[in-house]
Amino acid sequence: MRALRWLLVPLVVLPLAWLLLSGFGRDPRELASPLIGRPAPAWTLTTLDGETLSSADLAGRPYVVNFWASWCGPCVDEHPVLAGTQADRGAELAMVGVLYQDATADAEAFLARYGDTGYPHLVDPDGRLAIDFGVTGPPETFFVDADGIVRDRQFGPLSAALMEQRLASIGVAP
Amino acid sequence: MKAAALGGLLALVAIGIVLAFSQAGDATAAERTDALAAQLRCPDCQGLSVADSQTAAAREIRRQIDELVAGGASDDEVRAHFTSRYGQWILLAPSSPLVWLVPFAVVLAGLLGLATWLIRRRAPPAVAPLPLTAEQRQRLHEEAEALDA
């Protein structure tokens, strides 16, 4: 009986403490997106340049959809990674930015200040595309393969290493 | 007496839960939109429902609920529309009834454990008399007769 009581601590209390500690330490928004393994949402939107772009235009190539905003701090950190990927890999894949709850003038000022990415940015006036992708806050990036299936998602800013890792999921070799 | 009061209280709680989950009567489209908006998490807020928020995302989600309800979607279909995008995270309350029942089961088990411990501590340990061996019985007889004599 006494031995049982001493066993109770490691057997019950420790796993429970571990469950609570690991659970509270995690951001629930980082959970795997239900979109992974499913076809990417379709869209037809206007770019910052005033042109109409559709998801059908990107069909047949792997593509990256990056939700960002000029008011988002971490978006500044990942900006060079995105621009660098476009510069180095622009021939292998397509990239699009989507303004997340941002004014077009502010977004243009951001690009003027930190440098143009070299790929189009979509204006999502009602945030409908953000809802279709289940975006909870920028930056958030989706990786779609050549068959139009979502293969990976990055919640939070992309580093160069994370970009390589995510790109591999859509068949873009380093 | 105390047990009866406790039982009554638990029964009331159970009835309350059942009532809270059963949809009462036919709600209007606006009432259904409000009810559904209250069950969904506002994606760009901290711990607020779509009904309690005025952010752009919350407004658009309310518009989509309106549209789905007007199109004849059931409550489950509206919830599925959003969980297929955001996952279970978008629901403010878990959809599995198990999650609601587990805390009550744990409290009940704890109360039962406490009760048995209290009862066992109060009552002196009942020690069953050991059966006598034939030899001991024989000796008892002899000593009793010796006393009588």
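## The hairpin of strands 6 and 7 in chain A

In the hairpin that joins strand 6 of chain A to strand 7 of chain A, 5 residues lie between the strands, and Gly148(A) among them takes a positive phi near 85°. Helices (H or I, at least four residues) and strands (E, at least two) are here DSSP runs, numbered from the N terminus. This is a predicted model, in which local features need pLDDT of at least 70 and side-chain atom pairs count only at pLDDT 80 or more, whereas totals for chains, interfaces and linings use all residues. Residues are numbered from 1 along each chain as its sequence is written, with chains lettered from A and ligands numbered from 1 in the order in which they are written.

Strand 6 (140–144) of chain A pairs with strand 7 (residues 150–155) of chain A in the antiparallel sense, over 5 bridges; two strands pair if DSSP finds at least two bridges between them. Within this pairing, Glu140(A) stands opposite Phe155(A). Strand 3 (residues 63–68) of chain A is also an antiparallel partner of strand 6, again over 5 bridges, and there Asn66(A) has Thr141(A) as its bridge partner.

## Burial of strand 6

Of the 5 residues of strand 6 of chain A, 5 are buried, so the strand is largely enclosed by the rest of the structure. A residue is buried if 20 or more other C-beta atoms lie within 10 Å of its own, exposed if 12 or fewer, and partly exposed in between, with C-beta atoms placed from the backbone. Glu140(A), Phe142(A) and Val144(A) point one way from the strand, while Thr141(A) and Phe143(A) point the other way; all are buried.

## The sheet of chain A

An open sheet of 7 strands is formed in chain A, in the order 2-1-5-4-3-6-7 and with mixed pairing. Strand 2 (52–54) and strand 7 of chain A stand at the edges with a single partner strand each, so one side of each is left without a neighbour in the sheet. On average, neighbouring strands of this sheet are turned by 30° against each other, direction ignored. Strand 2 pairs with strand 1 (residues 44–47) of chain A in the antiparallel sense over 3 bridges, and Ser54(A) is the bridge partner of Thr44(A).

## Backbone exceptions in chain A

Most residues other than glycine have a negative phi, and most peptide bonds are trans. Gln101(A), which is not a glycine, has a positive phi of about 45°. Gln101(A) belongs to the loop between strand 4 (94–99) and helix 3 (104–114) of chain A, and with 19 C-beta neighbours inside 10 Å this residue counts as partly exposed.

The peptide bond from Pro138(A) to Pro139(A) is cis, with omega near -5°. Pro139(A) is placed in the loop between helix 4 (128–132) and strand 6 of chain A.

## The helices of chain B

Chain B has 6 helices and 0 strands, in the pattern α-α-α-α-α-α along the sequence. Of its 149 residues, 13% count as buried.

Helix 2 (residues 29–39) of chain B has Arg32(B), Thr33(B), Leu36(B) and Ala37(B) as its buried residues. They cover an arc of only 130° around the axis, which puts them on the same side of the helix; the arc is that of the directions from the helix axis to the C-beta atoms. Ala30(B) and Glu31(B), on the other side of helix 2, are exposed. The buried residues of helix 2 pack against helix 3 (56–70) and helix 4 (75–86) of chain B.

In helix 3 of chain B, the buried residues are Ala57(B), Ala58(B), Ile61(B), Arg62(B), Ile65(B) and Val69(B). Their arc of only 135° around the axis puts them on the same side of helix 3. Among the elements that cover them are helix 4 of chain A and, from chain B, helix 2 and helix 4. Gly72(B), which follows helix 3 of chain B, has a positive phi, near 90°.

## Contact between the chains

In the model, 12 residues of chain B are in contact with 16 residues of chain A, where contact requires C-beta atoms, placed from the backbone, to lie within 7 Å. Helix 3 and helix 4 of chain B are the elements that give two or more residues to the side of chain B that touches chain A. The residues on that side divide into 6 nonpolar, 3 polar and 3 charged; Ala, Val, Leu, Ile, Met, Phe, Trp, Tyr, Cys and Pro count as nonpolar, Asp, Glu, Lys and Arg as charged, and the others, Gly among them, as polar.

Methods
Two residues are in contact if their C-beta atoms, placed from the backbone, lie within 7 Å. Axes are lines fitted to C-alpha atoms, for helices over the stretch in contact, and angles run from 0 to 180 degrees between N-to-C directions.
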